[in-house]
Amino acid sequence: MFQTVQSHKPHFLALHCQEVGGKNFEESMSHVDNFVKELLSSDALKEYSRARVYLDENYRSQEHFTALGSLYFIHDSLKNIQQFDFKAKKFRKVVGKETCSETLESTPTLEKAKFPQDYFPECKWSRKGFIRTRWAMADCAFDLVNIHLFHDASNLVAWEKSPSEYSGTRQKALAYVLDRITDQRYEKLPFFVFGDFNFRLDSKKVIEKLCSDATMQTIRTDNNEIHKLVFQETDNDRKVILQIEKKLFNYVNQEVFREDNGTSLLEFDKELSVFKERLHEQEIGFPPSYPYSEDSSQGKQYMNTRCPAWCDRILMSPSARDMLLKPENEEKSIVYDNIGPNVCMGDHKPVFLSFRITAGAGKPNANKHKCCVVQ
């Protein structure tokens, strides 16, 4: 991440994290605090003397816990930046470094919500939700939304129909967030939504493509429920090319997901199409961001647990897209890519968007500020 910061040198750096503390958050939350302390005191970020860190660490509160972390770093060269106070409904100047955790519900500089339990009843205690912050710099104001949507609980259920029932759940939750951040309570501003959307490829259609010349064997339990699907070539000694269980997706050739950044499979990435009038995205030019191996020596290898997909995304409203400075005689002024393509970064490979925005758009001699948002 530091290499990415050094390469793009943003004036404003936004870092959104999900699953803060990991699966075993009760034992691991202390590591999060150490991680944040190292970030704040690092040489790589020494020129960012202002910071705001929001960590939802209060795992004892089932009603509110989202395990989201939103971290913002402001470079010394950015002279005038303000953050919105949602309770007072006005902007306040950002000074110094502050870290907030435990009771984010009462923190006035953010809006936080957890999705209603009935959105995903299969999960007894979901940590999915969103956190919104609002910023202003030199005549330019915008919202940043950290989001975590629902996952696919079973590969077998995801395979049953196209689109899967899980994509419908994510659609409902994302619509909930978009409605909340554009309602009448506050002035509508351009917004960026970035996090783990858990978007998946259309499983049924992908499998039809990957196994177009294969036969399928269904293995059932004693209760006649599907336990496993096995796809075999019709010749070639009936070689097994794909096996699927609830938490197994073992395809014989992972290279299809890496070759040309997996772009041949983007046609099956359909979940965002429902929101094409409300959300935009830069062209994807990196491989599926999940599920990577957590073996530190296997930086490019996917786990055989889920069909690889572009779960981690950086999306924006139409007005936010208009804020991005179009490349004018500047190569790569907008970069949408992943971080650490060849090293282990965990099961999700982080993605980032680096861009310039024109403050005071339409005004002569308007300043240009470089932003980098990381998911």
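## Side-chain interactions in a predicted model

The side chain of S293 reaches the backbone nitrogen of D295 at 3.0 Å. A polar contact here is a pair of N or O atoms within 3.5 Å; within protein, one must be able to donate a hydrogen and the other to accept it, and residues adjacent in sequence count only if both atoms are side-chain atoms. The model is predicted: local features need pLDDT of at least 70, side-chain atom pairs count only at pLDDT 80 or more, and totals for chains, interfaces and linings use all residues. Residues are numbered from 1 along each chain as its sequence is written, and side-chain values use heavy atoms, with hydrogens and water left out.

S293 is located in the loop between α6 and β15. Helices (H or I, at least four residues) and strands (E, at least two) are DSSP runs, numbered from the N terminus. With a relative accessible area of 12%, S293 is buried; buried means under 20% relative accessible area, exposed over 50%, and partly exposed in between (1.4 Å probe, protein chains only). Leaving aside neighbours within four places in sequence, S293 has contacts (heavy atoms within 4.5 Å) with Q298, Q301, Y302, M303, C344 and G346.

**Salt bridges**

A salt bridge is a side-chain nitrogen of Lys or Arg within 4 Å of a carboxyl oxygen of Asp or Glu. The whole structure contains 20 salt bridges. Three of them are tabulated below.

| Salt bridge | Closest N to O distance |
|---|---|
| K228 and E245 | 3.7 Å |
| D269 and R313 | 2.8 Å |

The bridge between D269 and R313 runs from the loop between α6 and β15 to strand β15, so it ties together parts that are 44 residues apart in sequence. D269 counts as buried at 16% relative accessibility, and R313 counts as buried at 1%.

E267 is exposed at 51% relative accessible area, while K209 is partly exposed at 38%.

K228 and E245 are bridged at 3.7 Å. K228 belongs to strand β12 (residues 226-233) and E245 to strand β13 (residues 240-245), so the pair ties together parts 17 residues apart in sequence. K228 counts as buried at 17% relative accessibility, and E245 is partly exposed at 23%.

A network of salt bridges links E111, R132, R134, D143, R180, D183 and R185.

**Aromatic rings**

Rings of Phe, Tyr and Trp (its six-membered ring) pair if their centres lie within 6.5 Å; planes under 30 degrees apart count as stacked, over 60 as edge-to-face and the rest as tilted. By this rule there are 19 aromatic pairs. In one of them, F142 and F192 are edge-to-face, 6.2 Å centre to centre with 90° between the planes. The pair links distant parts of the chain: F142 is in strand β9 (residues 140-148) and F192 in strand β10 (residues 191-196), 50 residues apart. F142 and F192 are both buried. One aromatic cluster is formed by F12, Y72, W135, F142, F192 and F355.

A charge sits over a ring if NZ of Lys or CZ of Arg is within 6 Å of the ring centre and within 35 degrees of the ring normal. R134, a member of the salt-bridge network, lies over the face of F84 at 5.3 Å from the ring centre. K349 lies over the face of Y292, at 4.3 Å from the ring centre.
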